[in-house]
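Notebook open, model loaded. I'm jotting down what I look up as I go.

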Amino acid sequence: MSDMAGPAFRAAREGANVKSATGIVAVVVIIGCAAWLLYYQKSQPAPGEPVKNMTPLKCTSCGKAYAKMAGALPTKCHYCGETTAHRARQCAKCGAIVAYTKQISFSPEEEGEKITCECGSDKLREVDPKAIEIINP
Ligand SMILES: [Zn+2]
Ligand SMILES: [Zn+2]
């Protein structure tokens with residue numbers, strides 16, 4: 001009789017241990033979610049503020065190219081402080097970072113007006129994040 005009670009009791013106790021472990025995991029997950037939600041809400045911009053995005057920039061005053069959290073462009077340069085940091089594009093031909101000073105516009109008069117690289121190519125693409133310095137806020 002006691003031979004049977006031993007293993008049965010142990011099995012029951014192990015079952016209880018598994019249950020409490022599951023409970024701890026659930027609590028950790030809930031706390032993790034709550035912390036993430038809090039962080040997510042804090043990282044959202046306040047109502048009315050311009051939404052800032054990580055933008056590749058090229059300054060036409062000091063010539064520095066970098067990526068930074070920026071709102072409306074041109075923005076204040078991280079290096080020289082002038083409001084001449086424009087959106088940056090990268091030349092598809094030679095890989096140079098070019099300041100895209102032209103305002104994005106859909107008016108037909110501006111058609112044909114293109115930003116060209118020093119190498120003469122007007123094929124500009126998005127800047128490769130690996131080719132640019134990232135400035136953390
Ligand atoms: Zn600058
Ligand atoms: Zn080029």
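How many bridges join strand β1 to strand β2, and do they run parallel or antiparallel? I find six bridges between β1 (residues 53-59) and β2 (residues 65-70), and the two strands run antiparallel. For my own bookkeeping, two strands pair if DSSP finds at least two bridges between them. Helices (H or I, at least four residues) and strands (E, at least two) are DSSP runs, numbered from the N terminus.

**Ground rules**

I'm looking at a predicted model, where local features need pLDDT of at least 70, side-chain atom pairs count only at pLDDT 80 or more, and totals for chains, interfaces and linings use all residues. Residues are numbered from 1 along each chain as its sequence is written, while chains are lettered from A and ligands numbered from 1 in the order in which they are written.

**Confidence**

I checked pLDDT, the predictor's confidence in each residue, from 0 to 100. The protein chain has a mean of 82, with 73% of its residues at 70 or more. Helix α1 (residues 2-43) has the lowest confidence, at a mean of 74, and strand β3 (residues 85-91) has the highest, at 95.

**Overall layout**

I count one helix and six strands in the protein chain. Reading from the N terminus, I get α-β-β-β-β-β-β. Of the 137 residues, 15% count as buried; buried takes 20 or more other C-beta atoms within 10 Å of a residue's own, exposed takes 12 or fewer, partly exposed is in between, and the C-beta atoms are placed from the backbone. Contacts are pairs whose C-beta atoms, placed from the backbone, lie within 7 Å. Among contacts with a separation of 6 or more, residues 24 or more positions apart account for 44%.

**Back to β1 and β2**

I looked up a partner for M54 and found M69 in β2. The hairpin of these strands has five residues between them, and G63 takes a positive phi near 80°. β2 also pairs with strand β6 (residues 133-134), in the parallel sense, over two bridges. Y66 has E133 of β6 as its bridge partner.

The peptide bond joining L73 and P74 is cis, with omega about -5°.

Why is β3 largely enclosed by the rest of the structure? Because seven of its seven residues are buried. I then went through its pairings:

- β1 and β3 run antiparallel and are joined by three bridges; K58 has H86 as its bridge partner in β3.
- β4 pairs with β3 in the antiparallel sense over four bridges, and A88 stands opposite A99 in β4.
- Strand β5 (residues 124-125) pairs with β3 in the antiparallel sense over two bridges, and Q90 stands opposite R125 in β5.

The hairpin of β3 and β4 has five residues between the strands, and G95 in the turn has a positive phi of about 85°.

**The core**

Of its 13 residues, L57, C59, A85, A88, I97 and V98 touch the most other members. β1, β2, β3 and β4 (97-100) each supply at least two residues of this core.

I took A85 first, which is found in strand β3. A85 is buried because 28 other C-beta atoms lie within 10 Å. Not counting residues up to four places away in sequence, A85 touches L57, C59, P74, T75, K76 and C77. With that same exclusion, A88 touches residues including P56, L57, I97, V98 and V127.

**T55, for contrast**

Leaving aside neighbours within four places in sequence, I see T55 in contact with A67, K68, A70 and R87. The C-alpha atoms of T55 and V127, 72 residues apart along the chain, are separated by 9.6 Å.

Methods:
A nonpolar core is a set of buried Ala, Val, Leu, Ile, Met, Phe, Trp, Tyr and Cys residues joined through C-beta atoms within 7 Å. Two residues are in contact if their C-beta atoms, placed from the backbone, lie within 7 Å.
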